[in-house]
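Hi,

Here is the structure I said I'd pass on. Have a look, and my notes follow below.

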Amino acid sequence: MGSCAGSQRRLSDSEGEVSTPESRPILLDRQGAHWKNVIGFWLLGLCNNFSYVVMLSAAHDILSHKRTSGNESHVDPDPVPTPRNNSSRFDCNSVSTAAVLLADILPTLVVKLLAPLGLHLLPYSPRVLVSGVCAAGSFILVAFSLSVGMSLCGVVFASISSGLGEVTFLSLTAFYPRAVISWWSSGTGAAGLLGALSYLGLTQVGLSPQHTLLSMLAIPALLLASYFFLLTSPELQDPGGEEEAERAARQPLMGSEAPEQRPKPDSSTNLSFQEKWTVFKGLLWYIIPLVLVYFAEYFINQGLFELLFFRNTSLSHAQQYRWYQMLYQAGVFASRSSLHCCRIRFTWVLALLQFFNLAFLLVDVWLSFLPNIYLVFVIILYEGLLGGAAYVNTFHNIALETSDKHREFAMAATCISDTLGISLSGLLALPLHNFLCRLS
């Protein structure tokens, strides 16, 4: 990833010129703006996905909801496993954790479906404010919840925050160098790892879920600070460098087009419905594999994790579920941060490998042939690697293969891919959970 200052220096060297003292402050300003923006987008990715991940990590606890004296939500960090369905060979909640997944994803799906139709008419700042307020509201509602239904309302707020934030910030990348996409993706991966790890760690040491969730209210505040105080004006940015050379060598997604002036952040590019439809059809090559990848991995995460229960280990059922979530998010973080090491254009290969993981773990749930939990740990880590690689490479490829005029719409439209796959997996995981939990 070359900085703007580095790009200017290569140009000066090739022309045999020496930078004047007057030009150095400008180069330093551009370099400083570059690092502010890439760090800003990393933090935005971290904060935007944090509440979403925490709600999924807390899914088992939300559905095992109980109240203790003092009206405080409590989950024993090291409980004795007690089956909730004694007639089943699985230790099942009465409701699948896929119910939390659906509450955590369906509002996001609605937001992303509506976003390409008119969300761009609303300025970015109000969208970011709403996203931050919804994230804070989700932590407060779940922390002080008196019932499972109230907890699921809090999960819905987390979903609205995550969905609105993702479509907003990915659209915003159209006004910055394409390098910020990899930093945003890395931040979303870090949210998964840090969100799952923080919930696991704080509950493991004995902190109640209520106090754990309240301690995370700093995250929405950090999101607002990153957007309003860290990001700089896009006018100082220069998208040149190695990424431009790679883009020039790629076949444009929408056919051969002349280079265009980068849009300014206050400009509104009005695309006709026909133009949007043409762009969307060109995006299907990347949208379909990403839908399939997320369908398979979240079918595993929210349909099978709870059923992959090993009794020959010191970990309780709740602890096993939290470890599954943490290892999955660790894999996602590693692969979403790997764009500079490994780039994949044919993302459909990742979809095939993810479906193989789904088939393998589904057979294990049915036959219980894996001897210990550590083999499942490895598979789940690998599952996360595939999912993260599909996400970051999809958006990187689209950034390279769309024109500046179409990029903001293309990013917003492609956001629906992961959400659609997750929603479909949640709908199918619910009946599967009920069927398997009835098995004696």
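**What I found**

The chain's accessible surface is about 18100 Å², with 67% of that belonging to carbon and sulfur atoms (Shrake-Rupley method, 1.4 Å probe). Note that this is a predicted model: local features need pLDDT of at least 70, side-chain atom pairs count only at pLDDT 80 or more, and totals for chains, interfaces and linings use all residues. Residues are numbered from 1 along each chain as its sequence is written, and side-chain values use heavy atoms, leaving out hydrogens and water.

Of the 440 residues, 56% count as buried (under 20% relative accessible area, 1.4 Å probe, protein chains only). There are 16 helices and two strands (DSSP runs: H or I of at least four residues for helices, E of at least two for strands, numbered from the N terminus).

On confidence, the chain averages a pLDDT of 78 (the predictor's per-residue confidence, from 0 to 100), and 76% of the residues score at least 70. Helix α9 (residues 218-230) is highest with a mean of 94, while helix α1 (residues 4-14) is lowest at 40. Residues 1-19 sit below 50, yet that stretch has 25 contacts in the model beyond near neighbours in sequence (heavy atoms within 4.5 Å).

Cheers

Definitions and conventions
Buried < 20%, exposed > 50% of the residue type's maximum accessible area, 1.4 Å probe, protein only.
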